[in-house]
Amino acid sequence: MCDELGNKDYMFDYVEEYGNTSLCDVTTKAGCNEKSSAYIDKISALSNEELKNTLDRLENMDGAKMKPELHQWMTVRKKIISQLMSVSRDEL
């Protein structure tokens, strides 16, 4: 499997996508790349209602035609938002 996926980043992407999980922890930012970490900083101040609205908007875009890297980033953002909605704001 490692030979098929190439470098380590592709393997992590595969695990996250097909395992329906995220290696990025929103409370500690462990396993997060710079882009994900910056996104967490940007949206962590939003209320749960605002997060839900953002998640709904992203889910509505799920079937839209887009480049693979944009689809991947949309998936990452949905996972980050889901994690943020499930943690206490005091943990951030």
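This note goes through the predicted model point by point, from the overall make-up to single residues.

1. Overall make-up. The protein has 5 helices and 0 strands. Read from the N terminus, its elements run α-α-α-α-α. Of the 92 residues in the protein, 27% are buried.

2. Contacts along the chain. Among the contacts in the protein with a separation of 6 or more, 56% are accounted for by residues 24 or more positions apart.

3. Helix 3 and helix 5, geometry. Helix 3 covers residues 34–43 and helix 5 covers residues 68–86. The axes of these two helices come within 11 Å and cross at roughly 45°. Helix 3 is therefore oblique to helix 5; an angle counts as roughly parallel under 35 degrees and as roughly perpendicular from 65 to 115. The crossing in which helix 3 passes helix 5 is right-handed.

4. Helix 3 and helix 5, residues in the contact. On the side of helix 3, the contact is made by Lys35, Ser36, Tyr39, Ile40 and Ile43. Helix 5 supplies Trp73, Val76, Arg77, Ile80, Ile81 and Leu84. Sorted by class, this contact of helix 3 with helix 5 has 8 nonpolar, 1 polar and 2 charged residues.

5. The disulfide. The structure holds 1 disulfide. Cys24 and Cys32 form it, with their sulfur atoms 1.8 Å apart. In general terms, a disulfide is a covalent bond between the sulfur atoms of two cysteines. The torsion about the S-S bond of Cys24 and Cys32 is about 90°, so this disulfide is right-handed.

6. Burial of the two cysteines. Are Cys24 and Cys32 buried or exposed? The cut-off for buried is under 20% relative accessible area. Cys24 counts as buried because its relative accessibility is 5%. Cys32 has a relative accessibility of 18%, so Cys32 counts as buried as well.

7. Ser37. This residue has its place in helix 3. Ser37 counts as buried because its relative accessibility is 18%. Which residues does Ser37 contact, leaving aside its neighbours within four places in sequence? They are Lys29 and Cys32, and Cys32 is one of the two cysteines of the disulfide. Ser37 and Val26 are 11 residues apart in sequence, and their C-alpha atoms are 8.0 Å apart in space.

8. Thr54. Helix 4, residues 48–60, is the place of Thr54. With 17% relative accessibility, Thr54 counts as buried, because the cut-off for buried is under 20%. Neighbours within four places in sequence left aside, Thr54 is in contact with Tyr39, Leu46 and Ile81. Of these residues, Tyr39 of helix 3 and Ile81 of helix 5 also take part in the contact between those two helices.

Definitions and conventions:
Residues numbered from 1 in each chain as written. Predicted model: local features only at pLDDT ≥ 70, side-chain atom pairs only at ≥ 80, totals over all residues. Heavy atoms only, no water. Axes fitted to C-alpha atoms, helices over the stretch in contact; angles between N-to-C directions. Helix = DSSP H or I, 4+ residues; strand = E, 2+ residues; numbered from the N terminus. Parallel < 35°, antiparallel > 145°, perpendicular 65-115°, else oblique. Left-handed = near helix turned anticlockwise from the far one by under 90°. Contact = heavy atoms within 4.5 Å. Nonpolar A, V, L, I, M, F, W, Y, C, P; charged D, E, K, R; others polar. Disulfide = S-S within 2.5 Å. Buried < 20%, exposed > 50% of the residue type's maximum accessible area, 1.4 Å probe, protein only.
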